[in-house]
Amino acid sequence: MKPNRKVFYARHTARPDSGTVACRADTPAGIFTAVYQEGFIVRVLFPDEDLSAAYNTFDDTLPFAEQMAQYFAGKRKSFDLPLRISGTPFMQDVYRATLRIPYGRTAAYADVALAAGYPLAMRAAGTALKRTPLPILIPCHRVVHKTASRSAYRGGTGLKDVLLELESLHVNREDTIPTQSGNNSP
């Protein structure tokens, strides 16, 4: 039986384009790739993930590349990108809760589960975050064990450490770029 999958859309205006386009962002941590479908980002690939041959149209001028450069330069604390996030209702609740974790801060899996409305579902919340199609945009790197110890990350613990260190260095920076909605939560 297929799980009940729904889609929520971030509160942003999508490009009117149709079709699938990939956008690469060259960062100090490697090249991240966003897959756009009909103007919405539906997936972000880590530098070590291969892009399917089906995605042979690239536009590296899309906002994803610029906003990732700003993020890695410490000038952007949240993203203002058109997102289409699919998943079960539980997964979407976990993603929404994760989007509310402030830049430069961390939260335990138990905190995310509680904020999502499932106080006893810490492990399930971790599994949902492991499967997020939009890492970094949904800041799953900000979720740690309750002891604040290093925890697994689909992009690798080294990348997680880099992202957390980057945010801790720039958390008090005042010359950041504001976003339309203030964050990328739906």
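This is a predicted model: local features need pLDDT of at least 70, side-chain atom pairs count only at pLDDT 80 or more; totals for chains, interfaces and linings use all residues.
Figure 1. Buried residues account for 46% of the 186 residues. Five helices and seven strands are present. Read from the N terminus, the elements follow the order β-β-β-β-α-β-α-β-α-α-β-α. Contacts between residues at least 6 apart in sequence were also sorted by separation: 67% of them join residues at least 24 apart.

**Figure 2. The largest nonpolar core.** This core holds 46 residues. Phe-32, Tyr-36, Ile-41, Phe-64 and Leu-137 touch the most other members. Strands E2 (20-27), E3 (30-37) and E4 (40-45) each supply at least two residues of the core. H2 provides the largest share, six residues.

**Figure 3. The largest pocket and its lining.** The volume of this pocket is about 480 Å³. Its lining consists of 22 residues. Nearest the pocket centre lie Tyr-109, Met-122, Gly-126, His-145 and Ser-151. H3, H4 and strand E7 (143-144) each contribute at least two lining residues. H4 gives the most, with six. Sorted by class, the lining has twelve nonpolar, five polar and five charged residues.

**Figure 4. Glu-38, a positive phi in the loop between E3 and E4.** Glu-38 sits in the loop that links these two strands. Its phi is positive, about 50°, although the residue is not a glycine. Most residues other than glycine have a negative phi.

**Figure 5. Ile-136, a positive phi in the loop between H4 and E7.** Ile-136 belongs to the loop between H4 and E7. Phi of Ile-136 is near 75°, again a positive value in a residue other than glycine. Is Ile-136 buried or exposed? Ile-136 has 2% relative accessibility and therefore counts as buried, given that the cut-off is under 20%.

How values were computed: Residues are numbered from 1 along each chain as its sequence is written. Side-chain values use heavy atoms; hydrogens and water are left out. A nonpolar core is a set of buried Ala, Val, Leu, Ile, Met, Phe, Trp, Tyr and Cys residues joined through side-chain atoms within 4.5 Å. Buried means under 20% relative accessible area, exposed over 50%, partly exposed in between (1.4 Å probe, protein chains only). Helices (H or I, at least four residues) and strands (E, at least two) are DSSP runs, numbered from the N terminus. On a 1 Å grid over the protein atoms alone, a cavity is a set of points where a 1.4 Å probe fits but cannot get out, and a pocket is an open set with protein on both sides within 12 Å along at least five of seven lines; lining residues have an atom within 4 Å of a point. Grid points are joined across faces, edges and corners, and a volume is the space filled by probe spheres set on the points. Ala, Val, Leu, Ile, Met, Phe, Trp, Tyr, Cys and Pro count as nonpolar, Asp, Glu, Lys and Arg as charged, and the others, Gly among them, as polar. Contact means heavy atoms within 4.5 Å.
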